[in-house]
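Dear colleague,

Here is the structure I promised to pass on. My notes on it follow below.

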Amino acid sequence: MKKLIPILLLLIVTSIAAQDNKKDDKKKEDKNTKKANLPAGYESITWGTLLSKVKSSIKGKIQFTDEKTVIISKKSEITYKYGFFFIDPERIKVEKDKKKDLPNEGKLFFVALKFPSLPYEEVKKQIEKKFGPSTNENIINNQGSVAWNSDKTVLVLWVDRFENKKYCRRITYVSKDIAKEIDKYYKNLYFYKEQKTIENVLK
């Protein structure tokens with residue numbers, strides 16, 4: 001991706017990958033583990049859908065798009081940011097035959113909503129009505145996050161403190177599978193850069 005992913009999303013991506021790796025190591029899934037009833041995407045849009053195909057299904061009116069990694073739209077007082085995972089073949093080593101198959105646009109991996117501050121309990125209640133009870137909570141001193149975790153999707157409700165009360169103005173939906181791809185991509189990108197540095201030194 002040409003632009004840096006926001007720090008908070010990177011934290012989500014790495015934590016999702018770490019949690020799933022722990023589950024793989026156990027080789028057994030706890031049947032009592034809570035799972036939220038989330039779709040494998042955002043509303044009617046499936047994770048992994050290419051940017052050009054997402055355009056016709058977004059909420060509100062498009063405010064900006066770079067045609068590869070992001071679409072920003074607005075409807076009433078809600079701003080929607082659709083984030084796409086784009087593999088730039090020039091930034092990472094890719095076999096020639098695979099390079100031709102890479103799309104020139106990203107695939108959907110997160111959707112972030114931003115809206116005017118609302119009371120925490122009010123927002124949480126609406127989400128629970130739609131997707132069931134939350135599965136993870138990390139709130140300290142009236143700020144932090146609450147998460148709904150399913151097989152394909154994680155929903156994060158961000159909690160802000162104002163006058164010692166909890167409020168919300170951001171919700172993020174993230175694809176778990178593509179989060180793993182991103183984690184692997186950045187690791188490969190790091191090692192590729194390291195390899196190129198060594199090659200340049202040896203020239």
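Of the contacts (heavy atoms within 4.5 Å) between residues at least 6 apart in sequence, 57% join residues at least 24 apart. The model is predicted: local features need pLDDT of at least 70 and side-chain atom pairs count only at pLDDT 80 or more, while totals for chains, interfaces and linings use all residues. Residues are numbered from 1 along each chain as its sequence is written, and side-chain values use heavy atoms, with hydrogens and water left out.

The chain has five helices and 10 strands (DSSP runs numbered from the N terminus: H or I of at least four residues for helices, E of at least two for strands). Buried residues (under 20% relative accessible area, 1.4 Å probe, protein chains only) make up 36% of its 203 residues.

Eight strands form an open sheet in the order β3-β4-β5-β6-β10-β9-β8-β7, with antiparallel pairing (two strands pair if DSSP finds at least two bridges between them). β3 (61–65) and β7 (136–140) are at the edges with a single partner strand each, so one side of each has no neighbour in the sheet.

Strand β5 (residues 78–85) pairs with β6 over seven bridges in the antiparallel sense, and Tyr82 stands opposite Val111 in β6. Phe109 is also in β6 (residues 107–119); Phe109 counts as buried because its relative accessibility is 0%. Between Phe109 and Ile178 there are 69 residues of sequence separation, yet their C-alpha atoms are 6.1 Å apart.

Regards

Key. Buried < 20%, exposed > 50% of the residue type's maximum accessible area, 1.4 Å probe, protein only.
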